[in-house]
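This briefing concerns the aromatic pairs and the sheets of one protein model. Please have the sequence and the structure at hand while reading.

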Amino acid sequence: MRTSSTDVVGGELSILAGRRRVAARPDFLITVADTAVEHAAYRAMRHREFVEQQELFTHTDLDDTDDDPRTVVLVATLADGTIAGGVRVAPVRWDGSSDTGDIGWWFGSRLVVADPGHAAGIGPALVRAACAHIEQKGALRFDATVQDRYARMFRRLGWDDCGAGPVIAGQAHREMRWPIHRIQRTVDGTKAVLAEALAPFADQDGGLGAAGFRGDDGVPLPGTEVIAACDAIIPSMIERDPEWAGWCSVLVNMNDLSAMGARPIGLLDAVGAPTTSHLTRIIRGISDAARAWQTPVLGGHTQVGVPSALSVTALGTTSSPLRAGGGAVGDTVTLHADLGGSWRPGYHDRQWDSTSSRSSDELCSLAGHLATVAPSAAKDVSMAGIAGTLGMLAEASGTGAELDVTAVPRPNEASMGAWLTCFPGYAMLTTDRPGRRAEAPAPSTLTVADCGRLTAEPGVRLRWPDGAVTVVVASTVTGLGAA
C-alpha cells in the first residue's frame, strides 16, 4: 500500500510520524468573582434568566444569600472579558446557626449561563469548579436544588439524586448532593492496608496483643502491668523539620499511653540521620519533648550516614488499662481535645499544634486525664483524624459510629473537613453508657463534649442539623475486626 503526502498531513500516520497533538484550549476561564463589575454582570444574567425569561421570581431573585459575606461567586469569563456564566456557593444557615459559623455544610445555587451556545461546557465546568471550591474550603456536605431538566447533567457529573424538591412557579426541582470523600480518602490512605499487611503477626500465638486489646494504641505486656507503645515518623517529615519530627515522636507515644490510662515510665529511641548536624537536630526535638512530658529517654539506637529514620517506643504502667474495644451499641461518644494552638507551619489543614506552646505541667496534666475518667473505651486521635479514629474505636468494639456535626468542638481557625481529618495534637475519643461518664475534673486546657454515639451499623456517619445522615466511612477502617 502506497501512502501519499496528503495522507500523512491528514494525520493517518500521526503516531508513526510523531505528529504533535495539541489539546483544544477552553474558550473561557473560571475564577472567583472579586470585583463589583463581575458581581453586577452575574446578577444581571440571573435577573434576565430567572425573573424575565423563566418568571420563577416576580421582581428580583436576590435573597439573603447574596448579602452573606461568606457567599462566593464563581464566574466564567470569555477571552474578550465577557462574563458568560456564574454560580454562587455558601454555607447553609440552619436553626441555631450564627452569621459567621460554618459546620462544613454548603449549598450551590443560581447557576446561570448567558448563552449556552456561545461557549459549550460552561454549565458543567461551573458545577465542577463549585465542587472543587467548597472542598478546598473544608466542606463535608454540598447540596443543590436543581430544575428537573438539569438533573441528568448533575447525575452525569457524579452527583447523587436525593429525590423530588420543591415546585417553584410550576417548575419541578430535584434535590442533589455532591459526594465528598475526604474522610474516606484519609482512612484509605492511612489505615486500610493494616489487616492484610499485619496478617502474618495475627497468625502467631499472642500476635497483635492480648484478647480484647487488638487494635489498641498500646499493648499490655503479658504477666505485667507494663504498657508498651511504638510509633515511627515518616522520613519526609524528619528531613524537612527534624526538631518537630523529634518532638512528635514523643508526642504520639505519650498520647498512646494516655489513651491506655498508663503512667509513662520511659522512652527508647531509634534514630538514623544522613549527617551529624541532622542527627543533633532530631535528638534536640526528642530531648525537648521528653523533658516537657517529664519522661526520660532510657536508651535506644543511633546511626549516622544513613537515610533519615526515627521511631520511639514508650513504656508506661497501669493496673487497669483502657481499651478501644470496650464500647457497645448505644454508647455516647465524647471528644476530649485541646483546642489551643494553631496549624503547624508547613502542615496547614494536616497537623494542629496544640502542644509545643504548653507548659510541662499542662502536658502532664493532659496525659493523665483519661486515667481519672476511666471510660468504657478510649482511643487517641491519630493520622486517621477524628472521624477515622472513631471508626477504628467502633471497629474494635464491633460497632459503627455516628457524629453529630454541630456538637463536635473545634478551633475557630479549622474547617470541619480539616478538623475531622487532621492530626490534632492532643485529642482523645471515649465512649460510655449514656449518662455514665465520670464527672472527673478536666484540665483547664481541655474541651470535653459529648458528640455522637456507637451504632449497630458498621462505618462512620455524620448527622446534620436537618436530620440528614451522610456516610463518610463506608465500613471498617483497618479490617482487623473486633478486639
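Predicted model: local features only at pLDDT ≥ 70, side-chain atom pairs only at ≥ 80, totals over all residues.

Residues are numbered from 1 along each chain as its sequence is written, and side-chain values use heavy atoms, with hydrogens and water left out.

**Aromatic pairs**

- Rings of Phe, Tyr and Trp (its six-membered ring) are paired if their centres lie within 6.5 Å; planes under 30 degrees apart count as stacked, over 60 as edge-to-face and the rest as tilted. By this rule there are seven aromatic pairs.
- W247 and W293 form a tilted pair, at 5.3 Å centre to centre and with 55 degrees between the planes. W247 belongs to helix 11 (residues 242-259) and W293 to the loop between helix 12 (276-292) and strand 11 (297-304), so the pair ties together parts that are 46 residues apart in sequence. Helices (H or I, at least four residues) and strands (E, at least two) are DSSP runs, numbered from the N terminus.
- Both W247 and W293 are buried, where buried means under 20% relative accessible area, exposed over 50% and partly exposed in between (1.4 Å probe, protein chains only).
- The ring centres of W352 and W419 are 6.2 Å apart and the planes stand at 85 degrees, so this pair is edge-to-face. W352 is in strand 15 (residues 352-353) and W419 in helix 16 (residues 416-419), so parts 67 residues apart in sequence are tied together by the pair. W352 and W419 are buried.
- One aromatic cluster is formed by F142, F154, W159 and W178.

**Charges over rings**

- A charge sits over a ring if NZ of Lys or CZ of Arg is within 6 Å of the ring centre and within 35 degrees of the ring normal.
- R240 lies over the face of Y347, at 4.9 Å from the ring centre, and R344 lies over the face of W244, at 4.0 Å from the ring centre.

- Seven strands in the order 16-18-13-19-17-20-21 make up an open sheet with mixed pairing; two strands pair if DSSP finds at least two bridges between them.
- Strand 16 (377-380) and strand 21 (469-473) are at the edges, each with a single partner strand, so one side of each has no neighbour in the sheet.
- Strand 16 and strand 18 (residues 427-432) run antiparallel and are joined by four bridges. The bridge partner of A377 in strand 18 is T431.
- Helix 11 packs on the sheet, touching strand 16 and strand 18, and its direction makes about 180 degrees with that of strand 16. Contact means heavy atoms within 4.5 Å; axes are lines fitted to C-alpha atoms, for helices over the stretch in contact, and angles run from 0 to 180 degrees between N-to-C directions.

**Strands 10 and 11**

- Strand 10 (residues 263-273) runs parallel to strand 11, with seven bridges joining them. L268 stands opposite G299 in strand 11.

- Strand 4 (residues 105-113) pairs with strand 5 (residues 141-147) in the parallel sense over four bridges. G108 has A144 as its bridge partner in strand 5.
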